[in-house]
Amino acid sequence: MKIEFAPLNIPLQRRLQTAAVLQWIFSFLALAQCCLAGFVLLALSDWWLLALLYAGWLWLDWDTPTSGGRRSGWIRSWTVWEYFRDYFPLRLIKTVDLDPKKNYIFGFHPHGVLVAGAFGNFCTEATGFSRLFPGLTPHLLMLPFWFRVPLFRDYIMSGGLVSSCKSSLSYLVSRPGGGNVAVIAVGGAPESLDARPGALTLQVRNRKGFIKLALKHGAQLVPVFSFGENELFDQMENPTGSPLRRLQNRLQCIMGVALPLFHARGVFQYSFGLIPYRKSIHTVVGKPISVIQTPSPSRDDIESLHKVYMQSLIDLFEQHKHTYGLDEHQHLTFI
């Protein structure tokens, strides 16, 4: 394979952008393992008392990821996230104003391989969420498994990540006074196995839990589509029914996390690696769907609202697809 090396005279600004994305990739793929190893080594060292104190703190703080988390405005505003934003570049587009006196559930689509758009827009202030939506506080939901990892849990909570369990979502959207936004990558980990350039297949048809909770708590539903999310990585061919896909599905059932075999470019060359391609991401926040609180929603209530949500998502995509480089014949497919 011929390797295409990056030129030596690339501006410092672009190098810093690549470094920002590299640290994000490391955080996503390896930081949890490093934190766990560091905690174990600390517990086995002469500094074991620090590990014991932290373990006590962990026990006292166990419910925080399901109770709104513990965000840090300082960490969310780090300059590194501005370089991260400009690498792609990443943009957040508002279509309408949202009432800060209400709670919202943002349905984020597509999941992509590493949900770069959701992280950059809702876990940092690089794209100006607080400026675009004053009075609203975003919380990106993540698998509960990651909040059990010492030290790593505290870092991810600082950006506004919280547990994706039912009680966590209920806590956010039931707060009196409104102002909370729960951001859910509706397709979840299984959808990442189909994330590749040109893919427009979304796992939505059987995803109705967030619909039920929206009805139960009266939270407004907002479809969000991130154009360019699936263009960041290539992925090994894994069609449904193939040995690789069966293995990935099996591991996903056991571990709770998907393992897409993705690749893109490297740091100093463009031929292979785990750094995403420089492809623009435009995350469009649609119009809210009015939801009437129904403490005990029936199956018909859920099905009806789910159909409205899917149609709203289709309308959002069709309205903006030409602006962001898609053709007339390209449409969403729900499974």
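Biologist: Why is R76 counted as buried?

Modeller: Buried means under 20% relative accessible area, exposed over 50% and partly exposed in between, with a 1.4 Å probe and protein chains only; R76 has 4% relative accessibility, and therefore counts as buried. This is a predicted model, in which local features need pLDDT of at least 70 and side-chain atom pairs count only at pLDDT 80 or more, while totals for chains, interfaces and linings use all residues. Residues are numbered from 1 along each chain as its sequence is written, and side-chain values use heavy atoms, with hydrogens and water left out.

Biologist: What makes R76 and E125 a salt bridge?

Modeller: A salt bridge is a side-chain nitrogen of Lys or Arg within 4 Å of a carboxyl oxygen of Asp or Glu, and in the pair of R76 and E125 the closest N and O atoms are 2.9 Å apart. The two residues belong to distant parts of the chain, 49 residues apart, with R76 in helix α4 and E125 in the loop between α6 (116-122) and α7 (129-132). Helices here are DSSP runs of H or I with at least four residues, strands are runs of E with at least two, and both are numbered from the N terminus. E125, at 23% relative accessibility, counts as partly exposed.

Biologist: Why can the salt bridge of D61 with R153 be said to tie together separate parts of the chain?

Modeller: The closest N and O atoms of D61 and R153 are 3.0 Å apart. D61 lies in the loop between α3 (48-60) and α4 (73-76) and R153 in helix α8 (residues 152-158), so the pair ties together parts that are 92 residues apart in sequence. D61 counts as buried at 6% relative accessibility, and R153 likewise counts as buried, at 0%.

Biologist: What makes F106 stand out in the largest nonpolar core?

Modeller: A nonpolar core is a set of buried Ala, Val, Leu, Ile, Met, Phe, Trp, Tyr and Cys residues joined through side-chain atoms within 4.5 Å. The largest one has 53 residues, and F106 is among those with the most contacts inside it, together with F84 and F88. Counting a contact as heavy atoms within 4.5 Å, and leaving aside neighbours within four places in sequence, the partners of F106 include L98, F122, F129, V222 and V285. Apart from that core lies another, of 21 residues, which includes V162, V173, I211 and A219.

Biologist: How do you know whether α11 and α13 are roughly parallel or roughly perpendicular?

Modeller: Axes are lines fitted to C-alpha atoms, for helices over the stretch in contact, with angles from 0 to 180 degrees between N-to-C directions. Angles under 35 degrees count as roughly parallel, over 145 as roughly antiparallel, 65 to 115 as roughly perpendicular and the rest as oblique. The axes of α11 and α13 (residues 299-320) cross at roughly 110° and come within 9 Å, and the two helices are therefore roughly perpendicular to each other. In this contact F210, I211, K212 and L215 of α11 meet D301, I302, L305, H306 and Y309 of α13.

Biologist: Why is V115 counted as buried, and what is its phi?

Modeller: V115 has a relative accessible area of 13%, and so is buried. Although V115 is not a glycine, its phi is positive, about 40°, and its place is in the loop between β2 and α6.
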